[in-house]
Amino acid sequence: MSPLFWIILGIIVLIVAIYITTYNGLQKAKVYTEESWSQIDVQLKRRNDLIPNLVETVKGYAKHESETFEKVVKLRNQLTQVPASDREEKLKVSNQITDSLKTIFALSENYPNLKAKQNFLSLQEELTNTENKIAYSRQLYNSSAAQYDQKLLTFPSNIVAKLHHFTKVDYLETPTEEKEVPKVKF
């Protein structure tokens with residue numbers, strides 16, 4: 001066998017190795033992005049599990065605030081009905097729940113006995129921790145999405161991505177109303 005044959009064979013093996021490595025890198029980035037989304041889902045589930053306990057704890061102290069409780073429960077139930085594939089709707093309802101929970105926590109200022117109740121304080125702390133975990137999970141998802149999308153745009157992985165129909169994933173964005181500066185009255 002001639003040296004030319006071995007050179008050509010070496011080049012082919014090198015190209016195949018680069019192709020396989022690039023494809024596997026794209027798959028790993030895609031899986032990591034999906035896994036980071038599942039972390040958001042896990043934290044949303046955790047929060048949903050805590051909400052009924054919080055509502056029951058607060059309900060006895062603030063009976064005339066039933067509209068607030070009903071809204072939280074309605075949103076929680078709505079979130080459980082959103083298909084897992086509809087990430088945008090899931091996040092939209094989740095943001096509404098976050099706003100409603102802020103209202104419930106604000107109620108504790110009007111009810112000193114509630115504010116002092118250990119069960120309420122524990123639930124409030126758990127929900128606060130969960131909200132922080134949701135925020136962290138969203139950051140992780142966006143970082144994972146950025147790495148994945150970067151692979152889709154850079155050479156040589158962009159060629160492999162096009163051949164295998166890999167598609168860009170969207171970042172999670174903060175709703176416009178949450179970006180606005182709060183209006184403060186004096």
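The largest nonpolar core in this predicted model has 20 residues, and the residues with the most contacts inside this core are Leu54, Val58, Ile97, Leu101 and Ile104. Helices H1 (3-59), H2 (66-81), H3 and H5 each supply at least two residues of the core. H3 gives the most, with 6 residues. A second, separate core has 16 residues, including Leu26, Leu91, Tyr141 and Leu152.

**Contacts of Leu54**

- Leaving aside residues up to four places away in sequence, Leu54 touches Leu101, Ile104 and Phe105, among others.
- Phe120, Leu123 and Leu127 are also touched by Leu54.

**Packing of H3 and H5**

- Helix H3 spans residues 87-107 and helix H5 spans residues 118-153.
- The two helices pack at an angle of about 150°, and their axes are 12 Å apart.
- Angles over 145 degrees count as roughly antiparallel, so H3 and H5 are roughly antiparallel to each other.
- The crossing of H3 and H5 is left-handed.

**Residues at the H3-H5 contact**

- On the H3 side, the contact is made by Arg87, Leu91, Ser94, Asn95, Thr98, Leu101 and Phe105.
- On the H5 side, Phe120, Gln124, Leu127, Thr128, Glu131, Arg138 and Tyr141 make the contact.
- By class, the contact of H3 with H5 has 6 nonpolar, 5 polar and 3 charged residues.

- Leu101 of H3 takes part in the contact with H5 and is touched by Leu54.
- Leu91 of H3 and Tyr141 of H5 take part in the helix contact, and both are included in the second core.

Methods: Residues are numbered from 1 along each chain as its sequence is written. This is a predicted model: local features need pLDDT of at least 70, side-chain atom pairs count only at pLDDT 80 or more; totals for chains, interfaces and linings use all residues. Side-chain values use heavy atoms; hydrogens and water are left out. Axes are lines fitted to C-alpha atoms, for helices over the stretch in contact, and angles run from 0 to 180 degrees between N-to-C directions. Helices (H or I, at least four residues) and strands (E, at least two) are DSSP runs, numbered from the N terminus. Angles under 35 degrees count as roughly parallel, over 145 as roughly antiparallel, 65 to 115 as roughly perpendicular and the rest as oblique. A crossing is left-handed if the near helix is turned anticlockwise from the far one by less than a right angle, and right-handed if clockwise. Contact means heavy atoms within 4.5 Å. Ala, Val, Leu, Ile, Met, Phe, Trp, Tyr, Cys and Pro count as nonpolar, Asp, Glu, Lys and Arg as charged, and the others, Gly among them, as polar. A nonpolar core is a set of buried Ala, Val, Leu, Ile, Met, Phe, Trp, Tyr and Cys residues joined through side-chain atoms within 4.5 Å. Buried means under 20% relative accessible area, exposed over 50%, partly exposed in between (1.4 Å probe, protein chains only).
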